[in-house]
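Trainee: Hey, I've got this one open for the very time I need a tour. Can you walk me through it?
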Amino acid sequence: SEGGGGGTGTEGGVDQKQEEDGRYWRSENKAVGAFRGELNSGLLLHGITEHSDLILPLSMSKCWKSLHKKNKDKNLFEASAAAALALETMSLPFRLAKGGKNSRSKVGIGSGYFQGSGNQSDDDMFPTADKLSYHEFISSLKPSNRHIVTEMSCLSHPASPNQVHQSVLQGTSIERRQQEEEMHRNRNSYYSNRRSRGRDVDPGLWMEDEGPNMGLLASLSPVGAESSSSRSLHHHFALATSFRPLPSKVGDILTTYTASLMEGMSIRYRPQSIVATVVNQSFQELTGGNAYSAGTYWGSIFGSQGPLMQPLCNLGNTTRMHDHLKITAGGLKSALSRKHKGYLRRDGMAGLAPEGEDCEEAMEACLTLRDVYEPPSMDSDDEGVYFDN
């Protein structure tokens with residue numbers, strides 16, 4: 001009996017030792033994984049910025065959320081389709097056919113880079129172009145060689161045509177002119193006059209993120225929390241917007257929407273450079289039943305709501321990317337700290353990590369890039385935390 005009891009105690013001790021060893025290795029593997037994740041994220045940012053004119057970080061999770069799908073299971077296929085839709089819309093300026101007398105597109109430009117190179121008719125409030133070259137488009141979004149990180153937002157789900165139209169025109173000179181015409185037609189009507197006055201607001205609110213910020217667009221990039229991502233809190237170095245509106249028989253939609261987009265970007269956010277592109281080819285026409293139609297897989301995602309799609313996409317070089325850059329630079333700094341020197345030395349000897357000097361160089365570059373995108377809204381307390389990091 002005593003011998004059996006002793007055997008049980010020994011087995012219990014072995015089991016406890018194995019459980020403790022298991023917890024240790026699980027904890028160790030988790031720490032190594034976190035170290036490698038922070039190291040690789042920082043090295044990737046440094047490597048890609050060294051060899052790119054512009055970079056555009058995207059979040060597949062945010063791309064999926066922008067679709068407003070009712071099912072709760074995230075689907076990488078759907079998220080990729082949302083990203084592809086935004087990129088298709090955003091790349092319109094340099095993919096347009098050469099314009100002619102019956103052009104189906106218009107590109108508004110507002111930048112010193114294009115000074116003297118645009119066309120301007122009596123109906124246009126801004127210089128316009130038939131199309132931009134790829135180099136011109138990239139240069140318009142890059143005010144300096146240091147500003148190479150962009151962020152993208154898009155209207156990627158079916159929305160009320162009237163809501164989109166009113167949001168884009170809100171506060172613009174076009175809306176005010178329409179209100180004045182309505183007041184003149186109904187000058188004897190008290191209620192019409194009240195309705196026509198409207199609110200005196202700046203145009204461009206549609207560019208804000210949907211939700212509490214009251215915009216139309218959903219951010220597809222890792223721009224941080226809603227409380228800190230409002231565009232009113234940030235610098236906007238360059239902005240470009242592309243739009244595929246629904247067909248309309250009322251007025252010149254190319255001129256109307258191009259002017260409204262240009263006013264919205266320039267008046268409220270005051271960037272150094274702006275580009276607005278409007279194409280009179282709806283999403284439904286783009287993805288129709290013709291054999292040459294593009295992106296037919298979008299039909300499986302939007303289904304019967306496809307005819308209501310009006311892709312409206314904004315690409316910005318703004319300080320909204322500061323949080324992402326700060327987290328990445330801070331993670332790399334943590335990975336290179338004394339706490340993880342053993343991991344770095346081991347991975348370096350195994351050929352899994354660069355030399356220490358190369359890692360330090362990458363960290364300095366990431367910290368410098370973070371500083372370039374410091375937002376103006378940081379108060380004194382935030383600055384203390386910021387510079388400590």
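Mentor: The secondary structure of the chain comes to 15 helices and 7 strands, where helices (H or I, at least four residues) and strands (E, at least two) are DSSP runs numbered from the N terminus. This is a predicted model, where local features need pLDDT of at least 70 and side-chain atom pairs count only at pLDDT 80 or more, while totals for chains, interfaces and linings use all residues. Residues are numbered from 1 along each chain as its sequence is written, and side-chain values use heavy atoms, with hydrogens and water left out.

Trainee: How much of the chain is buried?
Mentor: Of its 389 residues, 45% are buried, meaning under 20% relative accessible area with a 1.4 Å probe, protein chains only.

Trainee: OK, helix α3 next. What should its 15 residues span?
Mentor: At 1.5 Å times one less than the number of residues, α3 (residues 76–90) should span 21 Å, and its end C-alpha atoms are 21 Å apart, which agrees.

Trainee: And which residues of α3 are buried?
Mentor: Among them are Glu78, Ala79, Leu85, Glu88 and Met90.

Trainee: What happens at the start of α3?
Mentor: There, a side-chain oxygen of Asn75 comes within 2.8 Å of the backbone nitrogen of Phe77.

Trainee: Switching topic: where is Ser59?
Mentor: Ser59 sits in the loop between α1 (2–50) and α2 (60–65).

Trainee: Buried or exposed?
Mentor: Ser59 is buried, because its relative accessible area is 18%.

Trainee: What does Ser59 touch?
Mentor: Leaving out residues up to four places away in sequence, Ser59 touches Leu220, Ser221 and Pro222, with contact meaning heavy atoms within 4.5 Å.

Key: Buried means under 20% relative accessible area, exposed over 50%, partly exposed in between (1.4 Å probe, protein chains only). A polar contact is a pair of N or O atoms within 3.5 Å; within protein, one must be able to donate a hydrogen and the other to accept it, and residues adjacent in sequence count only if both atoms are side-chain atoms.
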